[in-house]
Amino acid sequence: MISLTINNNPVEVSEGTTILDAAKLCGMRIPTLCYVEGLKAVGACRVCVVEVKGARNLIASCSMPATEGMEVLTNTRRVREARRTVVELLLSEHNGECQTCERNEDCELQALAAELGIREISYVGEKTRRRIDTSTPALVRDLGKCIKCRRCVSVCLETQHVGALFPQNRGFETVIGPAFCHDLNTVACVQCGQCAAVCPVGAIIEKDQIEDVWKALDKPDNHVVVQTAPAIRAALGECFGYPPGTLVTGKMVAALRRLGFHAVFDTNFTADLTIIEESNELLMRLKAGLGAGDSGLGKTTSPSPESRTPNPEPRFSPLPMFTSCSPGWIKFLEYFHPDLIPNLSTCKSPQQMFGAVAKTYYASKLGKRPEQIVVVSIMPCTAKKSECQRPEMDASGTRDVDVVLTTRELGKMIHAAGIDFDALPDEEMDAPLGLSSGAADIFANTGGVMEAAIRTAYEVVTGRELPLKGLHVAPIAGLSGVKEASLKIEGVKPEWKFLEGVTLEVAVAHGLGNAEQVISSIKSGEKQYHFVEVMACPGGCIGGGGQPRYTNNKVRQARIEAIYREDEGKKFRKSHENPAVMQLYADFLTDGPLGHRSHELLHTSYTPRDKA
Amino acid sequence: MPFSTYLSKCPDCHEATEEELMVRLDDVLADYTQVPGALIPVLQITQAIFGYLPETALKKIALSLGKSYSEVAGVVGFYSFFTTVPRGKHLVRVCLGTACYVRGGKEVLAASKDLLRIEVGETSSDRMFSLDVGRCFGACGLAPVIMIDDDVHQRVRPAQLPKILDRYRDNSATDDNGNGESD
Ligand code: SF4
Ligand code: SF4
Ligand code: SF4
Ligand code: FES
């Protein structure tokens with residue numbers, strides 16, 4: 001332990017604690033701008049300076065570890081003036097107007113200027129050059145507003161292992177962006193939006209599509225349905241001042257009705273559907289792999305040239321199987337590991353399954369044509385905006401999903417409509433596409449898709465319920481980066497004889513850097529798995545790039561717990577118990593899971609992409 | 001490994017094509033893939049091979065060193081030593097130090113731009129000349145001065161420029177005007 005004083009208050013901290021964190025322990029908040037919890041401190045902005053007795057210069061507290069006997073002053077005239085100078089200089093270069101900015105009232109630079117009481121800018125200088133990059137489906141970059149804090153660089157390179165953004169040029173000419181300051185669509189960007197989630201200002205934001213939704217709602221002939229991803233209900237409340245982890249499912253439904261949607265449905269419905277299809281696909285792959293009587297793990301990956309062909313034939317369905325519900329992860333694999341495309345489950349994501357089902361099954365129930373239905377999604381994710389525009393996502397004969405809004409955009413829309421969220425009653429989703437099991441809720445959490453699939457697959461194979469407490473597969477829950485579990489299968493039904501005594505090896509990764517780690521351990525032969533779940537964002541969808549800011553681990557944990565509460569409160573806990581999904585198979589997908597119809601509507605193929 | 005190993009070529013051979021140079025880059029990358037901190041040395045060697053850093057080479061470097069293309073581009077942009085513009089066979093540098101500037105360096109620069117039809121930092125379309133400005137070559141008494149490759153040309157008047165440049169075009173880079181002087 002190290003003893004020091006902060007503003008003359010003694011405090012004890014463990015070795016390596018920064019001055020910034022030590023100050024927190026005695027109730028002093030030091031302002032920061034480039035530093036954000038969970039990312040490496042780069043010390044770029046110097047907003048967090050403090051005075052340390054004996055040191056000639058002011059010290060950046062975010063990157064300086066406390067030392068024994070240190071005497072720190074966080075609020076002297078010198079410190080206050082230095083912070084103001086830094087922020088005034090930033091504002092003198094800043095090329096943006098708060099009143100018309102997407103981040104108005106949700107901006108760290110703005111908040112900092114207010115907090116430091118800046119009333120005028122004493123420096124006149126050249127403004128950062130303005131350039132707006134709208135080249136990608138999900139994100140908009142506004143270079144004039146960039147304060148070069150490099151948070152996006154760290155998150156993209158270190159957390160996501162993508163490296164689409166990097167400082168280009170030098171000095172005042174520095175631009176944070178893709179190679180040679182070109183547009184984002186010229187580099188391998190997976191559209192995960194983690195950059196937009198950490199950007200302190202309006203320099204990277206999701207493409208605003210609120211107006212598209214209003215337009216769709218205005219058109220009298222449209223039947224506009226909305227689907228909400230499971231992660232929304234545990235985070236939307238934050239847009240209205242509720243603490244992270246507050247479940248607002250009922251109010252969310254009520255708000256969506258008041259916005260004018262004709263039916264309020266749940267992506268959970270197709271999450272259940274995904275589980276039926278995906279657990280069957282897993283069993284089919286296991287059968288192909290284990291048929292020989294071994295564990296099937298010897299032939300983990302297939303580096304042969306044929307494995308590059310997208311759209312694998314059933315005979316070519318290698319293990320491990322990777323989940324496919326996270327579009328950022330899909331793009332990551334397409335760009336960086338196209339040789340593993342055959343390992344991706346062919347199941348579409350729940351969002352896209354929903355679009356395909358809504359515009360066929362549901363449309364026909366209403367006697368409408370697919371084009372008369374507009375499907376709006378509310379997603380915690382920016383990559384979903386990109387996913388719905390993939391050319392192959394038109395199984396209904398038209399775009400399956402028309403518009404995707406992030407959680408943040410929905411929050412804005414509700415505000416703009418003048419709806420008093422607090423005063424809303426709890427309402428229920430509409431039938432049939434609004435019914436779901438608890439297994440669908442947990443799709444929002446890292447480890448959740450795997451757990452949901454295991455709940456169903458185990459029961460299919462053994463005829464018994466998964467014998468785990470609360471139906472939870474504990475080792476794969478929680479926030480460690482890579483999680484593993486082994487599950488011994490015993491007492492199988494006769495038709496699954498090849499699985500008797502087999503130990504199912506599974507792994508779960510969240511954040512693409514962790515996914516990369518799992519992939520290299522698979523490629524090197526160090527690890528062998530049957531089934532791997534990957535979600536592109538840290539924490540899973542609850543930590544998505546479209547969620548209310550800021551998402552640190554405490555917030556992630558609170559949302560995760562809320563989602564498990566939602567699961568445990570459900571009448572049905574397993575996807576195959578969802579009566580509305582069973583009805584869908586009985587009435588419409590009559591040739592069953594992996595059948596011809598579901599192949600057409602619910603499964604897809606992938607495209608190798610050039611990463612540079 | 002010394003640079004020259006990658007650069008050596010038979011003196012009688014024709015000028016290597018970009019594809020042939022690419023093969024040389026492959027050799028470099030094969031030697032360096034496993035080396036930590038290889039990016040900057042590889043960029044230096046690549047620039048020595050091609051005379052500049054072509055986009056295709058940079059993409060190749062990013063792929064084999066396991067770096068993102070944006071990171072490689074960021075490093076290239078950070079050091080003024082690196083250039084992504086092909087260099088001409090000859091480098092023309094017009095001095096804009098104080099003495100040269102006041103004695104007509106500006107006019108010489110304007111005339112050079114006109115003649116070569118390029119801006120500072122660019123290369124003529126026949127890849128013969130690149131144009132740059134310099135800050136004092138230490139020949140102030142003889143201002144205005146230009147340097148072409150290692151030759152210093154003194155008291156240059158715009159009207160003389162076509163003749164001076166033509167001599168390099170003929171491939172007879174020269175000090176036959178008696179002024180040649182290396183810095
Ligand atoms: S980024 Fe922040 S400070 Fe800049 S214009 Fe937008 S709200 Fe204002
Ligand atoms: S969306 Fe993701 S991959 Fe693309 S630049 Fe942002 S962090 Fe990087
Ligand atoms: S885009 Fe945002 S996060 Fe990235 S450097 Fe600029 S201000 Fe920082
Ligand atoms: S927050 Fe510490 S230097 Fe920016």
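Me: How do I read which residues surround a ligand?
Reply: A residue is near a molecule if one of its heavy atoms lies within 4 Å of it. In this predicted model, 13 residues surround ligand 3, and the closest are Cys146(A), Cys149(A), Arg150(A), Cys152(A) and Cys199(A). Residues are numbered from 1 along each chain as its sequence is written, chains are lettered from A and ligands numbered from 1 in the order in which they are written. Side-chain values use heavy atoms, with hydrogens and water left out, while totals for chains, interfaces and linings use all residues.

Me: How do the residues of the shell around ligand 3 divide?
Reply: Ala, Val, Leu, Ile, Met, Phe, Trp, Tyr, Cys and Pro count as nonpolar, Asp, Glu, Lys and Arg as charged, and the others, Gly among them, as polar. For ligand 3 that gives 10 nonpolar, no polar and 3 charged.

Me: And which residues surround ligand 1?
Reply: Among them are His94(A), Cys98(A), Cys101(A), Arg103(A) and Cys107(A). The shell around ligand 1 has 4 nonpolar, 5 polar and 2 charged residues.

Me: What is the area buried between chain B and chain A?
Reply: Buried area is the accessible area (1.4 Å probe) that two parts lose on being put together, summed over both. Here it is about 1,300 Å², with carbon and sulfur atoms giving 66%. Tyr69(B), Ser70(B) and Phe78(B) supply 36% of the area that chain B buries against chain A, more than any other three residues.

Definitions and conventions
This is a predicted model: local features need pLDDT of at least 70, side-chain atom pairs count only at pLDDT 80 or more; totals for chains, interfaces and linings use all residues.
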